[in-house]
Amino acid sequence: MNKQDMADEALFLLLHNEIVSCVYKGPEQGDVENGRCITKLENMGFRVGQGLIERFTKDTARFKDELDIMKFVCKDFWTTVFKKQIDNLRTNHQGIYVLQDNKFRLITQMSAGKQYLEHAPKYLAFTCGLIRGGLSNLGIKSIVTAEVSTMPACKFQVMIQKL
């Protein structure tokens, strides 16, 4: 990784942390307010994902099918955004895909301690939106959730919504 890539990545990580911090700055943090913050971050990610996928696919051949699109997201899209491919893509061939990143960049700065697991969702919401927005622009309606059981590994579950 050259110095420019490292600087770009550092800026992206700082910007992401600042966005999360700004969204969560508020008077009281109850469950309802926490849900609103997660939704706001997810919606921001959705809009960014739509724009990025449009730019990334403008010179790409048409995708054959849903699996082809998911492979593109795991390889090209993920590499461009997070500087590495998804570590594992699994599917049940019935519209559910699980994307596993064993060292997810947006939570690697957090301690591996269990006490930080409760904070993980707010650092994953933007990326859930990013995936959903990208897929949306490729004609796939989905619900994307994330789960962390051991830091910094993360699983994103993509449930395809059949129209």
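At 68% relative accessibility, His93 counts as exposed; the word means over 50% relative accessible area, while buried means under 20% and partly exposed lies in between (1.4 Å probe, protein chains only). Everything here comes from a predicted model, in which local features need pLDDT of at least 70, side-chain atom pairs count only at pLDDT 80 or more, and totals for chains, interfaces and linings use all residues. Residues are numbered from 1 along each chain as its sequence is written, and side-chain values use heavy atoms, leaving out hydrogens and water.

Although His93 is not a glycine, its phi is positive, at about 60°. Why is that worth a look? Most residues other than glycine have a negative phi, and most peptide bonds are trans. Lys83, in the loop between helix 3 and strand 1, also has a positive phi, near 65°. As for peptide bonds, the one from Met151 to Pro152 is cis, with omega near -5°. Pro152 sits in the loop between strand 3 and strand 4.

Four of them form an open sheet in the order 1-2-4-3, with antiparallel pairing; two strands pair if DSSP finds at least two bridges between them. Strand 1 and strand 3 (142-147) are the edge strands, each pairing on one side only. On average, neighbouring strands of this sheet are turned by 20° against each other, direction ignored; such angles run from 0 to 180 degrees between N-to-C directions, and the axes are lines fitted to C-alpha atoms, for helices over the stretch in contact.

How many bridges join strand 3 to strand 4? There are 6, and the two strands run antiparallel. They form a hairpin with 6 residues between them. You can follow the pairing in the structure: Ile143 stands opposite Met159 in strand 4, and Thr145 stands opposite Gln157 in strand 4.

**Helices on the sheet**

Helix 4 packs on the sheet, touching strand 3 and strand 4 (contact means heavy atoms within 4.5 Å). The direction of helix 4 makes about 155° with that of strand 3. Helix 3 (residues 66-82) lies across strand 1, strand 2 and strand 4, running at about 15° to strand 2.

The expected span of a helix is 1.5 Å times one less than its number of residues. For the 18 residues of helix 4 this should give 26 Å, and the end C-alpha atoms are 27 Å apart, which agrees. Helix 4 is mostly covered, with 14 of its 18 residues buried.

**Rings and polar side chains**

The whole structure holds 7 aromatic pairs. Rings of Phe, Tyr and Trp (its six-membered ring) pair if their centres lie within 6.5 Å; planes under 30 degrees apart count as stacked, over 60 as edge-to-face and the rest as tilted. Phe104 and Phe156 form an edge-to-face pair, 5.3 Å centre to centre with 70° between the planes. Phe104 lies in the loop between strand 2 and helix 4 and Phe156 in strand 4 (residues 154-160), so the pair ties together parts that are 52 residues apart in sequence. Ring pairs link Trp78, Phe82, Phe104 and Phe156 into a cluster.

Trp78 has a polar partner too. Its side chain and that of Asp101 are joined by a polar contact of 2.9 Å. That term means a pair of N or O atoms within 3.5 Å; within protein, one must be able to donate a hydrogen and the other to accept it, and residues adjacent in sequence count only if both atoms are side-chain atoms. A polar atom of the Asp101 side chain also lies 3.0 Å from the backbone nitrogen of Lys103.

| Residue | Relative accessible area |
|---|---|
| Phe104 | 0%, buried |
| Phe156 | 0%, buried |
| Asp101 | 1%, buried |
| Gln100 | 16%, buried |
| Lys83 | 34%, partly exposed |

Terms used:
Helices (H or I, at least four residues) and strands (E, at least two) are DSSP runs, numbered from the N terminus.
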